[in-house]
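Work through the exercises below with the sequence and the model at hand. Try each task before reading its solution.

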Amino acid sequence: MKRAYNFNAGPSALPLAVLERAQKQLLNFQQTGMSVMELSHRSKEYDAVHERAEMLLRKLMNIPDTHDVLFLQGGASLQFSMVPMNLLKEGEVGNYVLTDSWSDKAMKEAKKVGATHVAASSKEEKYTYIPTNIELSERPAYLHITSNNTIAGTQWHEFPNVSVDLIADMSSDILSRHIDVSRFALIYAGAQKNLGPSGVTVVIIRKDLLAKGDDRLPTMLNYRTYSESRSLYNTPPTFAIYMLSLVLEWVEEQGGVQVIEKKNAEKAALLYRCIDESEGFYKGHAKKESRSHMNVTFTLPNEELTKKFLAEAKEKGLIGLAGHRSVGGCRASIYNAVDMEACEALVQFMETFRKNIF
């Protein structure tokens, strides 16, 4: 079977080696006579998977002992609510930097919990850049950012230096580059872009923040519940965590995050060069200084050409290139598992398509 070149924004491409390993183990995991999906989450076999996933994530991201690693469900969207429910106290203000519709949604959920403030925004320019002029409110509880913006195709290349707890939604660029975890009070990420399949959400939280959760919170919405039970209070998404552990093993086999980061930069440079050298046929949505290494967004001269481009790309096995419905155009999501071969195939198609039009 010829596999497609998968540029979907999420759920996104998984490494072929990971899929093959999972396939091999699917019916009989470690001679248990059962699939990993059938194992009890209280069994020693699954417990080893759970521990390994956390261990590998700590190792690859160099997560300090000051931070806890939690495995939750509900996606990043649930974190939009859990963050303020646990960390936004009466009299404090949740500060948000608006860089796309996801950060906007995060703040809308926080408003239902307590006071919020827009510390910076690029909304007035259609989220084409990352704002750097941060203006905190009085009594700030935290500053929330979205580290990579899948819809606009922008990314924080330098994180803000602030005197308040920094919280980041890293759903679309976690594990794609080196970051200093110690700078963040809390990081959360849905797995379905760089970490594995959909179904598990990783939360990395500084341990001293766990005490802020009010005992009156619903049990499943309190970070302490997951910390105190090793994310095993109820049945976790066991298969998604198993796949996460395989993806982490794959990253380690590639040489770790530094090697992955270099490859991601090379892939992005290839695509942006094609856009910039197209004499205006392809136009990037994001300003150059804010361009994402994960989501390359661009437009063609008109809607008719865009539809033709997408249809012909699909025929060539280039899948998932339609831009988000809110902005249109095209988007190539080039997460960790999308290799250089896929990017080269896309560039070749883009160049041929342009030449055939003229």
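Residues are numbered from 1 along each chain as its sequence is written. In this predicted model local features need pLDDT of at least 70 and side-chain atom pairs pLDDT 80 or more, while totals for chains, interfaces and linings use all residues; side-chain values use heavy atoms, without hydrogens and water.

**Exercise 1.** State which residues UniProt lists for "binding site" together with Thr150, and how far apart the farthest two C-alpha atoms are.

Step 1. The unreviewed UniProt entry lists Ala76, Ser77, Trp102, Thr150, Asp169, Gln192, Asn234 and Thr235. These residues span 160 residues in sequence and the farthest two C-alpha atoms are 31.4 Å apart, so they do not all gather at one spot.

Step 2. UniProt positions follow the numbering used here, feature names are shortened, and annotations may be inferred rather than shown by experiment.

**Exercise 2.** Describe the surroundings of Thr150.

Step 1. Thr150 lies in the loop between β6 (148-149) and β7 (154-155). Strands are DSSP runs of E with at least two residues, helices are runs of H or I with at least four, and both are numbered from the N terminus.

Step 2. Thr150 is buried, at 7% relative accessibility. Buried means under 20% relative accessible area, exposed over 50%, and partly exposed in between (1.4 Å probe, protein chains only).

Step 3. Beyond four places in sequence, Thr150 touches residues including Asp100, Trp102 and Arg331; contact means heavy atoms within 4.5 Å.

Step 4. The side chains of Thr150 and Trp102 make a polar contact (3.5 Å). Such a contact is a pair of N or O atoms within 3.5 Å; within protein, one must be able to donate a hydrogen and the other to accept it, and residues adjacent in sequence count only if both atoms are side-chain atoms.

**Exercise 3.** Is Arg42 buried or exposed?

Step 1. Arg42, also annotated "binding site" in the unreviewed UniProt entry, is exposed, with a relative accessible area of 53%.
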